[in-house]
Amino acid sequence: MIQSANPGLFSALTPQAPDPLLSLIGLFKADERAHKLDLGVGIYRDETGATPVMRAMKAAERKLVEEQPSKSYLGPEGDVGFVRLSAELAMGEQAEGLIGVQTPGGTGALRLAIALIRLARPDATVWLGTPSWPIHANILDSVGLKTRTYRHYDPATGAVDFSALTTALNEAQAGDVVLLHACCHNPSGADLSAEQWAEVTRLVTTRGLFPLIDMAYQGLGDSLDQDAAGARQLVAAVPEALIAYSCDKNFGLYRDRVGALFAKTAHAEATESNLHGLARVFWSMPPDHGAAAARIILETPELRAQWLDELDHMRERLNGVRQALAEAHPALAPLAIQRGMFSILPLSPEQVGVMRRDHAIYMAGSGRINLAGLTLETVPQFVSAFTAVLSS
Ligand code: LMR
């Protein structure tokens, strides 16, 4: 080998810890205990613990395979039919006049949104309620945008810390960006009530703030429309907004990476062309298959009805587990007022470790559980482990 004075390009890199959420997948797989429970990464599981492809999706995929005439390039905007129909699904009447691009999942939509904000206003400040999905802060850091945080969730009540939120919005300066979860808050399940959305809308409009809405769990809280109602009201009231949408959960398309970014703006041509330019640099164009299949579901009445049925069932199952947990232990009672796949349990990182080591129960280090990892049959097993660890 030729010796060189150059230590090598990558010698400056330091090893990074694996993503704590995604690494739970491997840890769980390697655990040989038969009674193990996976409450880690946010995927829906059915009563048998499986994450099957939805039946409507299977049918749409068959149709796609039969009928798709070509796989030639579509362009950075992706499948425009999917973008239009998913915008209508997300925003209802507010979809009128929105521009949109298809993205690789909700993460792609957020990455694109934050890049666009950085491009438009490099000195923007983004307000982020904590805790949040950890990748929000990671993306903001990677892009170098200033971030201010406030407390989103009050562990004492299990609800939104609304006074912290309104204090933050009152302190924010005109033009600052506010990142809000549309529904099924990840990781806390603590959503804004209709009255709180109305007050947030008032503050965002009067103070001239820019909403960036993350909508990754529509349909898994109360209903497709109720889960979107607050975000739609806000978008209706402001002159400009960005909505990062994910179909990964409500269409069960996780690994196919299906999402979209919608923008409300008076500068449609410039915004759209910059989105296309950024997308071209990031991923050239988004992966087609899952989005085309989701489009087929949305445009085919029978498949749409079947998908809605399946989604209703998923939500009802989640809410059933939520209710059972809330009734099983006083420390779990706040779960009843929360929505979606997640809740944060009052466990320290050490106690989360004991849950894993002694009880084969896997959850995020923050104490977040994915309720879809439980069934009405396994709730007692979970509650007995939780009770033991809480009192130890
Ligand atoms: C989660 O929070 O578990 C999901 O959104 C999956 C992910 O990408 O982190």
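Is Cys-184 buried or exposed, and what is its relative accessible area? Cys-184 is buried, with a relative accessible area of 1%. The legends below describe close-up views of a predicted model.

**Figure 1. Cys-184 in the loop between β7 and α7**. Cys-184 is not a glycine, yet its phi is positive, at about 50 degrees. Most residues other than glycine have a negative phi. Cys-184 counts as buried because its relative accessible area of 1% is under the 20% cut-off. The view also takes in Pro-187, which is found in the loop between β7 (177-181) and α7 (194-207). The peptide bond that joins Asn-186 to Pro-187 is cis, with an omega of about 25 degrees. Asn-186 is also one of the residues that surround the ligand.

**Figure 2. The ligand and the residues that surround it**. The shell consists of Leu-21, Val-41, Gly-42, Trp-133, Asn-186, Tyr-217, Lys-249 and Arg-368. Sorted by class, this shell has 4 nonpolar, 2 polar and 2 charged residues. The ligand takes up the space of the largest pocket.

**Figure 3. The cis peptide bond from Thr-130 to Pro-131**. Omega of this bond is near -5 degrees. Most peptide bonds are trans. Pro-131 has its place in the loop between β3 (125-130) and α5 (134-143).

**Figure 4. Thr-265 in the loop between β10 and α9**. The loop that holds Thr-265 runs between β10 (259-264) and α9 (268-282). Where do the polar contacts of the Thr-265 side chain lead? A polar atom of this side chain lies 2.7 Å from the backbone nitrogen of His-267. The side chain of Thr-265 also makes a polar contact with the side chain of Thr-271, at 3.5 Å. Thr-265 has a relative accessible area of 18% and is therefore buried, the cut-off being under 20%.

**Figure 5. Thr-378 in the loop between β13 and α13**. Thr-378 lies between strand β13 (368-370) and helix α13 (379-390). The side chain of Thr-378 has a polar atom 2.8 Å from the backbone nitrogen of Thr-375. With a relative accessible area of 18%, Thr-378 is buried.

**Figure 6. Ser-284 in the loop between α9 and α10**. Helix α10 spans residues 289-299. Ser-284 has a positive phi of about 65 degrees, although it is not a glycine.

**Figure 7. Pro-239 in the loop between α8 and β9**. This loop lies between α8 (224-237) and β9 (241-246). Pro-239 counts as exposed because its relative accessibility of 65% is over the 50% cut-off. Phe-210 is 29 residues from Pro-239 along the chain, and the C-alpha atoms of these residues are separated by 8.8 Å.

**Figure 8. Gly-40 in the loop between β1 and α2**. The loop lies between β1 (37-38) and α2 (55-67). Gly-40 is buried, with a relative accessible area of 0%. Gly-40 and Gly-365 are 325 residues apart along the chain, and 9.2 Å separates their C-alpha atoms.

**Figure 9. Ile-99 in strand β2**. Strand β2 comprises residues 99-103. Ile-99 counts as buried, at 11% relative accessibility. The C-alpha atom of Ile-99 is separated by 17 Å from that of Arg-295, a residue 196 positions away along the chain.

Technical notes: Residues are numbered from 1 along each chain as its sequence is written. This is a predicted model: local features need pLDDT of at least 70, side-chain atom pairs count only at pLDDT 80 or more; totals for chains, interfaces and linings use all residues. Side-chain values use heavy atoms; hydrogens and water are left out. Helices (H or I, at least four residues) and strands (E, at least two) are DSSP runs, numbered from the N terminus. Buried means under 20% relative accessible area, exposed over 50%, partly exposed in between (1.4 Å probe, protein chains only). A polar contact is a pair of N or O atoms within 3.5 Å; within protein, one must be able to donate a hydrogen and the other to accept it, and residues adjacent in sequence count only if both atoms are side-chain atoms. A residue is near a molecule or strand if one of its heavy atoms lies within 4 Å of it. On a 1 Å grid over the protein atoms alone, a cavity is a set of points where a 1.4 Å probe fits but cannot get out, and a pocket is an open set with protein on both sides within 12 Å along at least five of seven lines; lining residues have an atom within 4 Å of a point. A molecule sits in a cavity or pocket if more than half of its atoms lie within 2 Å of its grid points. Ala, Val, Leu, Ile, Met, Phe, Trp, Tyr, Cys and Pro count as nonpolar, Asp, Glu, Lys and Arg as charged, and the others, Gly among them, as polar.
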